[in-house]
Amino acid sequence: MPPLGGAKSVKQRNSNERYRIASKRRLDAGRPLQTPISLYLGLVGDNPGILLESAEVDGRLGRFSLIAWDFKMRIRCEKGKLDLSVTDSRLNGLTEHNGEDFLPGLRKVMSRLNIEQMTDEELPAITRSLCGFFGYGMAGLFERKLASVLPPDKAQCTLVLPGSMVLFDHLYHRCCHICLDGSKMPAIDHSRIYARMERPVLGKIQSYPQKEEYEDMVSKTKEMIRQGECIQTVVSTRFFRTVLR
């Protein structure tokens, strides 16, 4: 993919601390052409990382894919409280929000964190964001009426601030390396991309529920339909195998 230079800076609002990043090292994805998945293997491998692959929209390929690693900050929801850790000393001031109620604490952290683009090339907002996930149980924090069935102390959420990203632009067939500390693009480990796959060792196929319990569920469902308690119900069986190695 042809390269696109990119850089950004981060600062804590209401603070004199700021680090400006002017990394404009161009990305050579190598030959033959790399895909987001193969480049993820070559750059991140087994280390912590994120791959947000583009999806089809109306039959067309989504525009951007993102690879992110080298997390500078990690935020988790632990029993309804904010659990924040940093690996960059310039973000140490944000750790004072540790232990606060999760949502108010997260809002305070985000209000103090400002990520600025340091290139004239327009980059999508996702390159200036926290990345992660909100678990289903977070609904109990967002909507208090659901707290009785979705206890806030069991809510799960993890957000990170990546220190390095590679952004794929599928519309213009190019990509760029973006970083927060001016570090160079790490070498691509092609041995991880083309490594021979090993067949996993799997345990015995199991199912849940067992036959007798499944038949009992079907009988109860039929009775509920007869009583008018439900109209349509899908009774399913889950099959699974344990990966031993």
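Is Glu96 buried or exposed? Glu96 counts as exposed, at 56% relative accessibility. Here, buried means under 20% relative accessible area, exposed means over 50%, and partly exposed is in between, with a 1.4 Å probe and protein chains only. Before going on, keep in mind that this is a predicted model, where local features need pLDDT of at least 70 and side-chain atom pairs count only at pLDDT 80 or more, while totals for chains, interfaces and linings use all residues. Residues are numbered from 1 along each chain as its sequence is written, and side-chain values use heavy atoms, with hydrogens and water left out.

Let's start with the whole chain. Its secondary structure comes to five helices and 13 strands; these are DSSP runs numbered from the N terminus, with helices being H or I of at least four residues and strands being E of at least two. Of the 245 residues in the chain, 36% are buried. The chain exposes about 15,600 Å², and carbon and sulfur atoms supply 51% of that; the areas come from the Shrake-Rupley method with a 1.4 Å probe, and for residues only the protein chains shown count as cover. Now take contacts, meaning heavy atoms within 4.5 Å. Among those between residues at least 6 apart in sequence, 63% join residues at least 24 apart.

Next, the inside. In soluble globular proteins, nonpolar side chains tend to be buried together. A nonpolar core is a set of buried Ala, Val, Leu, Ile, Met, Phe, Trp, Tyr and Cys residues joined through side-chain atoms within 4.5 Å. The largest one here has 20 residues, and Met73, Ile75, Phe102 and Met138 touch the most other members. Two or more residues come from each of β6, β7, α2, β8 (113–117) and β10, with α2 giving the largest share, four residues. Leaving aside residues up to four places away in sequence, Met73 touches a list of residues including Leu84, Val109, Leu130 and Leu161. There's also a second, separate core of 12 residues, among them Leu39, Val166, Phe168 and Ile193.

Charged side chains come next. Side chains of opposite charge can pair when their charged atoms come close. A salt bridge is a side-chain nitrogen of Lys or Arg within 4 Å of a carboxyl oxygen of Asp or Glu, and the structure holds nine. One of them joins Arg63 to Asp169, at 2.9 Å from N to O. Arg63 sits in the loop between β5 (60–61) and β6 (64–78) and Asp169 in strand β10 (residues 157–169), so this pair ties together parts that are 106 residues apart in sequence. Arg63 is partly exposed at 36%, whereas Asp169 is buried at 5%.

Glu96 from the opening has a partner too: its side chain meets that of Arg112 in a salt bridge, 3.2 Å from N to O. This pair links distant parts of the chain, with Glu96 in the loop between β7 (81–86) and α2 (102–112) and Arg112 in helix α2, 16 residues apart. Arg112 is buried, with a relative accessible area of 16%. Lys72 and Asp70 form another salt bridge, their closest N and O atoms being 3.3 Å apart; Lys72 is buried at 9% and Asp70 is partly exposed at 31%.

And disulfides? A search of the whole structure finds zero, a disulfide being a pair of cysteine sulfur atoms within 2.5 Å. The closest cysteine sulfur to that of Cys175 is in Cys176, 7.2 Å away, so it is too far for a bond. Cys175 is buried at 1% relative accessible area, and Cys176 is buried at 0%.
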